[in-house]
Amino acid sequence: MNPIVNSRTSSFFRQLLTGVALVCTLVSFFGCNEEPSKVGGSIMPGEDALFPRADTLHLDAHSILIDSVYDRSTYALLGELSDPLYGNLRASYISRFQNAYHYKTEFEPIGGDIDSTFLEISYSNWVGDSTVWSKVTAYEIKQTLPDTRYSGNLQNYLKDAEYIGSHTYQAGNKEGKHKLRIPVNNELGKRIYKASKEHPEYFASQQAFEENLLRGIYVHATTGNGCMLSIYSTAVVLSYRYEKRDTTKTGADTTLIVTAEESFVNTKQLYLHRQFETDNSGRLLTPNPDYAYITSPQGLALSLTLSAEELGQTFLDNNKKLTRLINEAPLALHIDPPDIAGSVIQPATYLLLVPVDSLNNFFEMGETERSQSDIAYLSSAYNITSRVYEFKNISRLVHEHIRKHIQTAEDGTQSIDTPLELVALPVSRETMGGNAGVTATISNFIYPSGARVRLKNGKIALGIVSTAYIKD
């Protein structure tokens, strides 16, 4: 029997059929793909009933706006950054602080009070010019904060916020320290210390701590454009002196004056509120047959749509003679780096590909490409040599969509009633300790990134290698 080859098959897939697909499907049916996705019945065919086929499907591609991102981490961004292609990005945040149950200072302060209070901000790295001078300003929040991990506009929570301090800094410094230490109004530290003496009930729960002592602190950069910090920890530090008994080298007793510091930090258990402001969405969302854009942390994702008609024409056989197995469905997103002077934003390391209607639940439920293997796919790691994000085989996703949306008319004719709608967006990936190949968590990418995806007439090709067999 002659293989069935669709008229749209590219020369690449003709070679693939003769060089690989026939070996895969006819000689060792499961050798090249351990888990081919099946469209149709469950009867395993004999080798003489197999019909390999390759198709090139075309997904409509364009950028869509992601106006809010979900994240459980303690990571935030701080500063303002301008890029000639991706526009301006401004980032600020409100940090909450973990209550210390039944808090007491470890030592007794000299004079019975706190000497000074600081806001300590720790950052892992930055994007932009590390020599730019910037000014960070802190305000104590007086409003009740929402229980949400989605980013959004913070202005509603800044009413009656009280200025408590500011600090001028450069991301790169002579000391090589990745910390900002902002002196703030010492009334805050004194208030916490006094409550530890007079109102221990304020430390009985997180709710009591926030309602009576500190709801949160708003942090934003008021001056300086050109550098953005990636913040991983924010803490309120209480500093005080205490007397410490010691012995000199000669054995004499002495009293030392020692400085102690105690911190209230933000943790993953608390809601960190982030605000990202961009001015690039309108320009980059304009339909373009040659390019689409993907940005983070809160920006643009890539929408990919495969029409119901094309799915039906490719995978359904209304003569009811064949059942089709989807063996391979490789998808590649080729990146075209902009040749624009002054561009500082680079592509993210990973992209996640999921059905658009599964996007929110994926992050809220803490899923990974392993826990949602039928519908979620993590790309290969991006590198500047290949300049491509590869999803090696999304056949399960295609099959799952067909299975859910196949319709059978009274006369037995089958059709697919819903297009396959996917979204690709930047993510960060943490791996399990000691095993870099196993994903532990996937999160929205809280870091400036941008990628220009190459299109052909507004579309991206999806190669499909499938095998049909005759039903008994």
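Which residues in the largest nonpolar core touch the most other members?

Modeller: This is a predicted model, in which local features need pLDDT of at least 70 and side-chain atom pairs count only at pLDDT 80 or more, while totals for chains, interfaces and linings use all residues. Residues are numbered from 1 along each chain as its sequence is written, and side-chain values use heavy atoms, with hydrogens and water left out. In the largest nonpolar core, which has 70 residues, the most other members are touched by L302, L331, L333 and I394; such a core is a set of buried Ala, Val, Leu, Ile, Met, Phe, Trp, Tyr and Cys residues joined through side-chain atoms within 4.5 Å, where buried means under 20% relative accessible area with a 1.4 Å probe, protein chains only. The most residues in this core, six, come from strand β22, residues 420–432, strands being DSSP runs of E with at least two residues and helices runs of H or I with at least four, both numbered from the N terminus. Taking L333 by itself, and leaving aside residues up to four places away in sequence, its contacts (heavy atoms within 4.5 Å) are L302, L351, R387, V388, Y389, F391, A424, V453 and I460. Apart from this core lies another, of 38 residues, which includes L78, L119, Y193 and Y240. As for the chain as a whole, 47% of its 472 residues count as buried, and among contacts with a separation of 6 or more, 80% are between residues 24 or more positions apart. The chain has seven helices and 25 strands.

Conventions:
Buried < 20%, exposed > 50% of the residue type's maximum accessible area, 1.4 Å probe, protein only.
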